[in-house]
Amino acid sequence: MRNIWKRIAAAALALAMCLSFAGCYDENKTWAARKGDDELPIGAYIYYLYSAYLEAGSQVDSETSVLDAEIEGQDAEQWIKDLALNYVQAYYYISDKFDELGLELTEEDLVNVENTASSFWSYYGSTLEKLGISQDSFEKAYALYGEKFERVMKAMYDEGGELALEDGALEEYYCGAYINYEYFSASLTTTNEDGESVELTDDEKADLKETFEGYVKKINAGELTMSEAADEYAEESGTDSSLMSPVCVKSENMSTLVFDALNSVKEGEAAFVESTSGYLVVRKLSVKDYYDEYVANSEDQQFTLLTELKGEEYSDYVLEQAASVEGVELNQAAMDSIKVSSLVDDSNRNGTSSAEETESSSADENSSEEESSSSETSSSETE
């Protein structure tokens, strides 16, 4: 939930806390908050505190200790505690909204919650346990909350919901953000008699380039289809190169070389792509056709698209609304007993944000794109 907290005024949150929460002292430190029969264990609060600490780290440069920093003009430790409390509020806001909308968790949903928690626990459980977070607490704070978070999101953005999208909004976004295309390719290496991979000679590369550019001209002239061109190349080269099924890829996830080539032609036209490791013939297709056939009637893909378009806005909305949730009882003694410093070790002591590292990363990504090959293209298509 990067950068979402800075949109919430600290003063407004402080006021909401004073008006909406009843702090209390309790010798029982096994729970952190409760509302009615819904009790949030202290481990869930530790998880939210740890999440807030990691979020703080993402906003602090890698040369600075997180707890020595200021975030949004506020002492980092207090910022972390405030954000963790807002996560607690968000848990109850989503729970209340889930009930208000008449939503229910089926047996399948509950199994999904359990499986999600178990899957993540297998990777991160040992780390979380050392912090005092049990698997049950993690399941409630992360997996159960996440399931309800998604269900409420779907309902709120659906027709008639309080955040309902305008008709055609998802299609408009998809058609503007994605590119649909088909392609076939050839590597600039071959296998010698010893089974070793060797690079083509300059003359072989020149001949292959001329062949592929010839296919592009014939395709655009209507003399060959993409499938016929791919089959012709496979037969003449003795390879298994074939026309790949149409793929629709988000523009920002594509190789720069492929994106530029497709962006330079009209729908239905082909283009030649040259990299240092492979040649491709790509043909631009209709994004709308792909949307109508594969996305429009898929609930999962529609939700993925909704998350891309409105996910950050929705996360902001939840935290903002959560700031004024009422009726939550806090076990302040239990929460105060958890020190932010206890979450710190050598691996996360300093921040992770660095302008220099970001620039270097961008340069590396651009360099990688310039080295794109048919295999890299195949990888990008699955994203």
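**Exercise 1.** Determine which residues of H5 and H11 meet, and how the two helices are oriented.

Solution. Contact means heavy atoms within 4.5 Å. On the H5 side, Tyr145, Phe149, Glu150, Val152, Met153, Lys154, Met156 and Tyr157 take part; they meet Glu299, Phe303, Leu306, Thr307, Lys310, Gly311, Glu313, Tyr314, Ser315, Tyr317 and Val318 in H11. By class, this contact has 11 nonpolar, three polar and five charged residues (Ala, Val, Leu, Ile, Met, Phe, Trp, Tyr, Cys and Pro count as nonpolar, Asp, Glu, Lys and Arg as charged, and the others, Gly among them, as polar). Next, consider the axes, lines fitted to C-alpha atoms over the stretch in contact, with angles from 0 to 180 degrees between N-to-C directions. Those of H5 (residues 135-157) and H11 (residues 299-322) come within 10 Å and cross at roughly 100 degrees. H5 and H11 are therefore roughly perpendicular, a term for angles of 65 to 115 degrees.

The model is predicted: local features need pLDDT of at least 70, side-chain atom pairs count only at pLDDT 80 or more, and totals for chains, interfaces and linings use all residues. Residues are numbered from 1 along each chain as its sequence is written, and side-chain values use heavy atoms, leaving out hydrogens and water.

**Exercise 2.** Describe how H10 and H11 pack.

Solution. The axes of H10 (residues 287-295) and H11 are 9 Å apart, at an angle of about 125 degrees. Tyr291, Tyr294 and Val295 of H10 make the contact with Gln301, Gln302 and Leu305 of H11. These residues divide into four nonpolar, two polar and no charged.

How values were computed. Helices (H or I, at least four residues) and strands (E, at least two) are DSSP runs, numbered from the N terminus. Angles under 35 degrees count as roughly parallel, over 145 as roughly antiparallel, 65 to 115 as roughly perpendicular and the rest as oblique.
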